[in-house]
Each structure stands twice: as structure tokens, then as C-alpha cells.
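Here is a short briefing on one protein model. Look over the sequence and the structure first, then work through the points by topic.

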Amino acid sequence: MKCLGCKIEKLSKEFPSVTILDTCYHPPLHCFRCAIKAAEQQKQCPHPTCQAKVPDGCGRLKEFQATVNRLFAEYTSTSTVDYTTAAAGASGGAGPVSVVMMNGDSISLSYYPSTTVHEIKLKIQQKLKHDVEKQRLMYNEVELKTYNDGGNLATMGSYGVQPHSTIHLIVMLYAIPEHFNHVIFDLFWGYPSGGCDYLDASCLLFSGTSSVAVIDYCHRYYHGGAIYHSGDVMDHTNRKGHHTINVKLKEIPTNVTHMFFTLSAWASPNISKYPNPSLRFFEASNKTKQLCSDKMSHAAYSQAIIMCSVSRKTGVWKIDSLGTLSAGNAKNYGPLQSTICKLIQQGV
């Protein structure tokens, strides 16, 4: 996600989840550092359409600064980290590494160069509750595989993982059996407190990092019905809005490598008022059996959320949980497509 202030692409954890003032009615599009700078130097909200005055002693400003100190302590000039020693640690000593999920959540783990990738995955399973076999770890756009080419357990040192670096964690929700063809993705959201309201579910197709097509409420059919969008399906009894997207996997053109499923706000600046955007996956011949699901609770102040990707790896379609926040919506898919390109480059 690109900061509106410094124009630098940053991880979602480098952005606040709320605006600096409760009276601001816009998504928080400035990173922590830019928001703090504007509040301290200009005494106002940094968003160009807002610029509300930030009072002295603002509690949220203090929270932002505390978060920056916690997240980026190792990069400040007062850091006590000895980088000469840290670099040497890659050849024998212990060091920390950040494991970052696609939704921006992160944990810090300690490791030695001799620590195996399998041991790292076990630590992740213990802390984040994601099964080892469903984890994919990416470092510098290279997957950290459990076993090396010789069939032995691979180590962090064999991949050259450096202390204080970042490993991206991609979690697989489901590997679609080869005999499946007609499958259904049900993307849904809770009604806001004011009553029935709408989000837009879309399916963005890619061939590598090149955009192929968009299927949404306006462009409902792709490739003769290989993908079909339901339009609005509103459940007033349970106060949920649904968009279901039907996919016939065996009819998807072979050049399509990825399908990304997104939810975005049309008129609202963000999706904060829509509770728990969620995903369910079914095989069409048995709609009563839910094969996998995912729920997001952190998307409040983003314009859109990329719920999951479906990618064709070694001939098998796999569903990966993402929960990646992004700008963009059905009026302008450009920011979403840009975010997706970066995800693909990271190994999604």
C-alpha cells in the first residue's frame, strides 16, 4: 500500500488502523511516520480533504508514536543493535526475524542459521495456529522449502536468511481436487447498523503479473460462462449481503494463472461499517458442505480487501488466504491491480 504522504509502498502494519481524530471521515492513508509528522509540525490531520486541527496532548498521537517505537526500534539512530555482530550472526549466532502475513499481521521469531525451515513452521503453528502443511514461507521472492534438493531438511542458513529481515507467510486454505470443476465462492458481509447496504465482490484474473479480466456486478460473464457473477443476493433475515461467483475450473483458459477475489466499498470511503467480510467455498454439486472459509475483522479503514487468491500451481488450483488491504474499488480497479501485482511478485 502506498502512503499518501511520502508516496512509498509500505506494509499494512506501517499504517494506523484508525484516523488521528475520531471526527475524521476518511480512510487512514498516511503511514504512521507521515501522520505523526503532520500532527507535530502542522498541528493538523494530514489528509488533504480533512486537515482537522490536532490538539496538544492528543492521546492517539501518543499511541501512534508508541507503535512506531515498537515496530521500528531496530532502525532508529538510537538502536542498540550492533549490525556488525548481527551480520556475523548469520554464520553462527542467534538472531530475530519477522514473519509477516499478507494481511500485515506479524510475529518475531528467534533463529540460528542451523534452525530448519520445518522448525520455523512449527513455531508459526504454535503462535498463529496455522498448520505446518498449509504454510508457504517467502524470503526475497524465494520459497523456503522444508526439504532441499538432496532430500534433507533445509535450514535458514542455507537460504541466507539474515537477522532483522522479513519472511512473508502465505496460508493455504484449500487444495482443490483435480476432479472438481464447478465451484462456488460466496463472499458476504454483515449489514451496517443503519440497515441494508452493499459491498462489491469482484474476481480479478491475471496471467503472471498481467491483468486479464475483471468479473463483477457489471461484467457478470467471462469466457462463455466459465465464471459467472450472481449480482446482489441480500438476506434480510440474517442481515447479510452476498455476491456468489461461480467458477468452472476446467473451462478457465490455460493462460490464467491467478484469480483474486475482492470486496470493496462503492460510495463509502472505507468498509468500516460492514461487519466481518467473509468467504465461503463450496463444490457446486454439494452446496451444503462448506469446504473452507475465511473471515476478516481488521479491514475497517481500507477501501478494499483482497480476500483470497486461487492460483494454478503444478496443474492444481490452490486457495490461499490473503486478507490484504488496498485502495481501489469497482469504479477504479487500478490500485487493486497494482496491489495484486506486488503480491504475485512476492510469491502469491
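The lining of the largest cavity is made up of 10 nonpolar residues, 4 polar ones and no charged ones. (Nonpolar covers Ala, Val, Leu, Ile, Met, Phe, Trp, Tyr, Cys and Pro; charged covers Asp, Glu, Lys and Arg; the others, Gly among them, are polar.) This is a predicted model, where local features need pLDDT of at least 70, side-chain atom pairs count only at pLDDT 80 or more, and totals for chains, interfaces and linings use all residues. Residues are numbered from 1 along each chain as its sequence is written, and side-chain values use heavy atoms, with hydrogens and water left out.

**Cavity**

- The structure has 1 cavity of 30 Å³ or more.
- A cavity is a set of points on a 1 Å grid over the protein atoms alone where a 1.4 Å probe fits but cannot get out; lining residues have an atom within 4 Å of a point.
- The volume of the largest cavity is about 90 Å³, where a volume is the space filled by probe spheres set on the points, and grid points are joined across faces, edges and corners.
- There are 14 lining residues in the largest cavity, and Thr 19, Ile 20, His 26, Pro 28 and Pro 46 are the closest to its centre.

**Salt bridges**

- Side chains of opposite charge can pair when their charged atoms come close.
- The count here is 3 salt bridges, each a side-chain nitrogen of Lys or Arg within 4 Å of a carboxyl oxygen of Asp or Glu.
- Lys 43 pairs with Asp 56 at 3.5 Å, N to O. Both sit in the loop between α1 and α2 (59-71), 13 residues apart.
- Lys 43 is partly exposed at 39% relative accessible area, while Asp 56 is exposed at 67%. (Buried means under 20%, exposed over 50%, and partly exposed in between, with a 1.4 Å probe and protein chains only.)
- Arg 136 pairs with Asp 320, with the closest N and O atoms 3.2 Å apart. This pair links strand β3 to strand β17 (residues 316-326), 184 residues apart.
- Arg 136 is buried at 14%, and Asp 320 is buried at 3%.
- Arg 280 pairs with Asp 186, with the closest N and O atoms 2.7 Å apart. Here strand β14 (residues 278-283) is linked to strand β6 (residues 182-190), 94 residues apart.
- Arg 280 is partly exposed at 26%, whereas Asp 186 is buried at 4%.

**Helix α1**

- Helix α1 spans residues 32-42, and Phe 32, Cys 34, Ala 35, Ile 36, Ala 38 and Ala 39 are buried in it. (Helices, H or I with at least four residues, and strands, E with at least two, are DSSP runs numbered from the N terminus.)
- Lys 43 follows α1 and has a positive phi, near 60°.

**Cysteines**

- How many disulfides does the structure hold? The number is 0, a disulfide being a pair of cysteine sulfur atoms within 2.5 Å.
- Cys 203 is in no disulfide, and the nearest cysteine sulfur, that of Cys 308, is 8.7 Å away.
- Cys 203 is buried, at 0% relative accessibility.
- Cys 50 is partly exposed, at 26%.

**Lys 129**

- Lys 129 lies in the loop between α4 (117-128) and β3 (135-139).
- Is Lys 129 buried or exposed? Lys 129 is exposed, with a relative accessible area of 65%.

Conventions. 1 Å grid on protein atoms, 1.4 Å probe; cavity = no way out; pocket = protein on both sides within 12 Å on 5 of 7 lines; lining within 4 Å.
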